[in-house]
Amino acid sequence: MKEISPPRPQAGLPRRRLCLAADVEQYSRLDTRTQSAVQSELVRMLDEAAALTGLDRAAWTRQPQGDLEFAVLPEATPEDAVLGPFVHHLAVRLGDRNARPAAQRVRLRMAVDTGVVADAALGHAGPAPVAVARYVNAPQLRAVLATLPAADLAVMVSDRLYQDVVRSGRRDLDPSQYVRAHVRVKEFGGYGWIRVPGHAPDDVRSAVAETPEPSPDADAPSWTPPSQYVHQGAAVGRDVVGGLTIGLPVPPPPAGSGPAR
C-alpha cells in the first residue's frame, strides 16, 4: 500500500513562529567606523550564542536593520532553549566582550514573542513581528538599562511566552526572575515580562515602577482593561487590547426573577 504523505503548507501562508529582535542601545551615538564594528560583533555574538545552544542560525530568516536584527526562527525551534540557554550564552558573550580593555561597550535590548507570521514584500507581516518591534522599544526596557549601568542585556518576553513557557517549570527558566510591565508603544498595548541576566528582579522592578505610564495617543485605539467572562461553565478571555473578548458575556437574569433552582 502506497504511503500518503501529509500535504505541505503553501509558501507564504501565515504560520505560527518564534520571533526575536536584538537592538544595540545608544547605537546612534557611535561614529561610522565603530557602528560597522559593532554590527559585525553583534552578528558574531548571536552566532556563537546560537551555536552553544544547539540552534542553527543558518535556518533563521534574518532581517538586519543596522543596529537591530529581527529574526523569524524555524517552526521546530524549542522556545525554552531560546529563553533559557540562548539568553544565558548571549549575556556571557556580551560580558566577555565588554571586559576587554578599551573595548567600545555594547549593550543590548532583546524581545521575543511567538505568533502568526507571514512573508511580505518588505520582510514579514503579522502580529508577532509587530509585537516584537514594540517590545524591544518599550520605555520600560530602556529604563532598565539606564537604571542598571552594569547590565549588558535586558530581555522582554511576551505575556504569551511567559504564561505558556516560563511558568511551565521548564529547565533554566525561573518565573520569579521576570518582572511584568504594561507596554504601550504607538497603537500597541499589552503586557511583557522583563529579565536582566545577573541582576535581581527587585532592581528591575524599581526601574519599571519609575517609568511613567504613557498617555494614550489621540489617534490610537483606546486600551481596554483585561476582561473575562464565564461561558458554558468555563472562564474564557485573556489580557487583550481594543475591546476584544473571547466568548460571550452571560446575560443578567430578568428583573424580579429569583435564584435559579
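Me: How much space lies in the second largest pocket?
Reply: In this predicted model, the second largest pocket holds about 270 Å³ of space.

Me: And which residues are closest to its centre?
Reply: The pocket is lined by 16 residues, and those closest to its centre are Q65, F70, P129, V130 and A133.

Me: What is the lining like by class?
Reply: The lining of the second largest pocket has 9 nonpolar residues and 6 polar ones, together with 1 charged residue.

Me: Back to helix 3, how many of its residues are buried?
Reply: Helix 3, which spans residues 127-136, is mostly covered, with 7 of its 10 residues buried; these are A128, P129, A131, V132, R134, Y135 and V136. P129 is therefore listed both as buried, under 20% relative accessible area, and among the residues closest to the centre of the second largest pocket.

Me: Changing topic, what does the pLDDT average over the protein?
Reply: The average is 79, and 75% of the residues score at least 70.

Me: Which elements have the lowest and the highest mean pLDDT?
Reply: Strand 9 (residues 229-231) has the lowest, at 34, whereas strand 6 (residues 153-158) has the highest, at 97.

Me: Where does pLDDT stay under 50?
Reply: One such stretch is residues 218-252, for which the model has 46 contacts beyond four places in sequence. Residues 6-11 are also below 50, and that stretch has 2 contacts beyond near neighbours in sequence. Where pLDDT is low, the predicted coordinates should not be read in detail.

Terms used. Residues numbered from 1 in each chain as written. Predicted model: local features only at pLDDT ≥ 70, side-chain atom pairs only at ≥ 80, totals over all residues. Heavy atoms only, no water. Buried < 20%, exposed > 50% of the residue type's maximum accessible area, 1.4 Å probe, protein only. Helix = DSSP H or I, 4+ residues; strand = E, 2+ residues; numbered from the N terminus. 1 Å grid on protein atoms, 1.4 Å probe; cavity = no way out; pocket = protein on both sides within 12 Å on 5 of 7 lines; lining within 4 Å. Points joined across faces, edges and corners; volume = space filled by probe spheres on them. Nonpolar A, V, L, I, M, F, W, Y, C, P; charged D, E, K, R; others polar. pLDDT = per-residue confidence, 0-100. Contact = heavy atoms within 4.5 Å.
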